[in-house]
Amino acid sequence: MTTTASTLPRVQLGQGLEVSAIGLGCMGMAEFYGVPDEAESIRTIHAAIDRGMDFLDTADMYGAGLSEEIVGKALDGGRRERVTLATKCGLVRTPDGVRIDGRPEHVARAVDASLRRLRTDHVDLYYLHRVDPDVPVEESVGAMAELVTAGKVRHLGLSEAGPATIRAAHAVHPLTAVQTEYSLASRNPERAVLPTVRELGIGFVAYSPFSRGLLSGEITGTDLGADDLRRGLPRFSEENLPRNLELISRIHALAAQVGCSPAQFALAWLVAQSVVPIPGAQIRAHMAENASAGTVRLSAATLRAVDALAPAGAFAGERFPAHLLAMVQED
Ligand SMILES: NC(=O)c1ccc[n+]([C@@H]2O[C@H](COP(=O)([O-])OP(=O)(O)OC[C@H]3O[C@@H](n4cnc5c(N)ncnc54)[C@H](OP(=O)(O)O)[C@@H]3O)[C@@H](O)[C@H]2O)c1
């Protein structure tokens, strides 16, 4: 790990791609968690870049293109070359939710639309958002590899892929990153995905590092907005949330002992697992707090205390409802 002038160390994913040790998730800038504020989101992206938090994560499905448009606006006028820009294809919005489309012809069309919205001629890291059960992953990744040859994309990744899929895709084109939900509350990748990516030299990007805000300390009850995605997530249900908040209050006590905020503790724990978290932050104050977590180091004793307090499976409720859980691969 090397340190630059910014407070954020830099780390390598696979294939030599260097990124800030903590990235910026841009999904909530478009939808899902409360009312989006485009002007503040753009200010947040600018401030993040200035602090060296220059690994930006978006996807074509967030806000049906809106997140990519906001990122494109923020980077227009000279900031594009200062960031590592990641986006994703393969999840398509439908009137009642999403469907997976990993067909090569979809991949080829999707990238051009993303490049237009992002106002750039290339994506640094292009992920398949979900593996299509009806399309061999070799075909989806084969189409993505053609985008590398065409210069539209520099590096490839998968999101929510299991070990066998990762190996099959990596044999078609060397993968740079696998992005999967991973946090103090969602430890499933430790079973099989993390050992696989480590063996193959692929980086691991941890999304929803606060379990969608839960671990950050700002969620205290189920009074979420009418459109808030978390209303439909089992961990936030009337039954499970109080149990999870009780567990979180004990994790927060550990953070207080370390002398950092709950959000910083959740990120420092992920950095200690040698993964790259991409916390979503719409507002500058959150982003700045998260960037400062890059200098928080947790001792071996603190990591052991976390394992004793919140071992895998300690949180109540799955990370997704059944229909969305059916779209992810774990083992
Ligand atoms: N590959 C996939 O399938 C997938 C799925 C989901 C997400 N992702 C990616 O991962 C990124 C992060 O995940 P996420 O947004 O779902 O969840 P998250 O990072 O776990 O939580 C985001 C929430 O935490 C709040 N927050 C951020 N920093 C905070 C702080 N310091 N203190 C208190 N609250 C704070 C945010 O508020 P504000 O926004 O108001 O600042 C937002 O409500 C997304 O933006 C997206 O790029 C990928």
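The structure described here is a predicted model.

**Helix 7**

Helix 7 covers residues 240–258. Its 19 residues reach 27 Å from the first C-alpha to the last, close to the 27 Å expected at 1.5 Å a residue. Leu241, Asn244, Ile248, Ile251 and Ala255 are buried in this helix. Seen down the axis of helix 7, the buried residues fall within an arc of 90°, so they line one face. An α-helix has 3.6 residues a turn, so residues three or four places apart point the same way. The face of helix 7 turned away from the buried side carries exposed residues, among them Pro242, Glu246 and Arg250. Helix 8 and helix 10 are included in what covers the buried residues of helix 7. After helix 7 comes Gly259, with a positive phi near 90°.

**The nonpolar core**

The largest nonpolar core has 88 residues, and Leu24, Val178 and Val276 have the most contacts inside it. Helix 8 gives the largest share of this core, eight residues. Leaving aside residues up to four places away in sequence, Val178 touches Gly157, Leu158, Ala161, Ile166, Val193, Val197, Ile202 and Phe204.

**The ligand shell**

The ligand is surrounded by 29 residues, of which the closest are Gly25, Met27, Phe210, Gly280 and Gln282. Helix 9 (residues 284–292) supplies the largest share of the shell, three residues. The table divides the shell by residue class.

| Class in the ligand shell | Number |
|---|---|
| Nonpolar | 11 residues |
| Polar | 13 residues |

Technical notes. Residues numbered from 1 in each chain as written. Predicted model: local features only at pLDDT ≥ 70, side-chain atom pairs only at ≥ 80, totals over all residues. Helix = DSSP H or I, 4+ residues; strand = E, 2+ residues; numbered from the N terminus. Expected span 1.5 Å × (residues − 1). Buried ≥ 20, exposed ≤ 12 C-beta atoms within 10 Å, placed from the backbone. Arc of directions from axis to C-beta. Contact = placed C-beta atoms within 7 Å. Near = placed C-beta within 6 Å. Nonpolar A, V, L, I, M, F, W, Y, C, P; charged D, E, K, R; others polar. Core = buried A, V, L, I, M, F, W, Y, C linked by C-beta atoms within 7 Å.
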